[in-house]
Amino acid sequence: MSPLAGKLFYHCGYVQGLRKDSLWEYAMPEAEKIGGKVGQSPSEFEADMQDGDGIWLAMWDGDGAWPEMPEDGGAWSRTEHAGIRRNGGKMKYKMLQSTDLKVSGICLGTVKYGTDMAERDAWEQMDSFLDLGGNFLDTAHVYGDWTPGERAKSEHVIGRFLKNRGNRSRVIISTKGAHPYMETMGESRVKPECIRRDLEESLQALGTDEIDLYFLHRDDLSMPVEEILGVLEEERRKGKIRWYGCSNWTLPRLQEADRIAKAEGYSGFVCNQLMWSLAKINASGVADPTLVLMDQDTYRYHAESGKSAMAYTAAAQGYLAKRMTGAYIGDSLRAQYDNRENEEIIGLLREYRVSPGEFALAWMMHHDFVSIPIVTFRTALQLWEGIRSTELEMPEELVWGIREIKRKSREENAGML
């Protein structure tokens, strides 16, 4: 019998919008891992699900010994011995620096809406995300344009959902424009006329008069930063954009933009969206050279300035979880993430017996500046597990160990996180 049996139970939190069998299917294998059982029959479990209230799944050992419920309403996970505790199942929110945007600790990525994920499934996922306390959606005007038919598929799916549900006020929308057309990827569209055109088309697709957070999806080093900021500030003052940010801008260009915004009295870039994860990324394995990765200098700038960051590929496409479970990993994913630092991180996660998926997202939320992971999910269960990551309180020893691994790696690899 596992030494952890009899000590574990899960607070599943509010579960409206999830399929009734999702959490049951999750609880059974979790109980089996520790040689225990689930403290409810399927019929009792289903009845609680229909009530729409938070439920407890208690694990007990073969002698029928039940664990004590925590007095503060929290819940120990199966990583109790590592010191990881949950805060009771409530979503955490953060204010993006220099804005009035109070966003959920995790941002729902919608890149697959209308393509790999059917519209009906996307609507169900957004319903679940909102029911579980999420309020932050990330999309882009180019998402879905790699398949024939309707352009801006992701934005259109979101727009139709918001119109049908009548819940625009519950959602903070982040979208991006000025990406090259898929047919002409080598031609920059970071030009005033392209920025304005994409913005207008995004407003129409999303069915809204104002975009909460508008990003430039790429940069063009030949374009003066003053001209780019001038266009964005003009659209903000017209009321079409509440706030704006940059994505895939290098640190020198970001710093220049901040200096100009301060001098001109502009709101400036309030957030930086870039490629970043707990797993170390091999720059040589990233096929698109226009993507910008978080490095030590950029991290330091965020820490010193307090500028908010959003991380895409925050879950490293499941690399750590796949490595720890022995799942198949393709050559392209290995090219991006196979390295000594990640081997050491995997070893430490195994030592503490933590869920790599949840910990990887939780790590992204614990920095000296507001950092929001953008995550895509295939299933309702994955979404629920992602939401749970916002509840983790990580033990100091594990955090210190990860930071030490990364510090040594930076010294050996010229500062790349």
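Predicted model: local features only at pLDDT ≥ 70, side-chain atom pairs only at ≥ 80, totals over all residues.
Residues are numbered from 1 along each chain as its sequence is written, and side-chain values use heavy atoms, leaving out hydrogens and water.

Let's start with the barrel. Eight strands close up in the order 8-9-10-11-12-13-14-15, with parallel pairing. Strands here are DSSP runs (E, at least two residues), helices are runs of H or I with at least four residues, and both are numbered from the N terminus; two strands pair if DSSP finds at least two bridges between them. As an example, strand 9 (residues 136-138) and strand 10 (residues 172-177) run parallel and are joined by 3 bridges. Phe 136 has Ile 172 as its bridge partner in strand 10.

Now look at helix 12 (residues 356-364). Here 8 of the 9 residues are buried, so the helix is largely enclosed by the rest of the structure. Buried means under 20% relative accessible area, exposed means over 50%, and partly exposed lies in between (1.4 Å probe, protein chains only). Among the buried residues are Phe 359, Leu 361, Trp 363 and Met 364.

What about the cysteines? Across the whole structure there are 0 disulfides, a disulfide being a pair of cysteine sulfur atoms within 2.5 Å. Cys 246 is in none, and the nearest cysteine sulfur, that of Cys 271, is 8.1 Å away. Cys 246 is buried, at 0% relative accessible area, and Cys 194 is buried too, at 9%.

Finally, the charged side chains. The structure has 29 salt bridges, each a side-chain nitrogen of Lys or Arg within 4 Å of a carboxyl oxygen of Asp or Glu. Lys 240 and Glu 200 form one of them (2.3 Å, N to O). Lys 240 sits in the loop between helix 6 (225-237) and strand 12 (241-247), and Glu 200 in helix 5 (residues 192-206), so the pair ties together parts 40 residues apart in sequence. Both residues also belong to a salt-bridge network with Arg 196, Glu 234, Glu 235 and Lys 238.

Arg 242 is partly exposed at 23%, whereas Asp 212 is buried at 3%.
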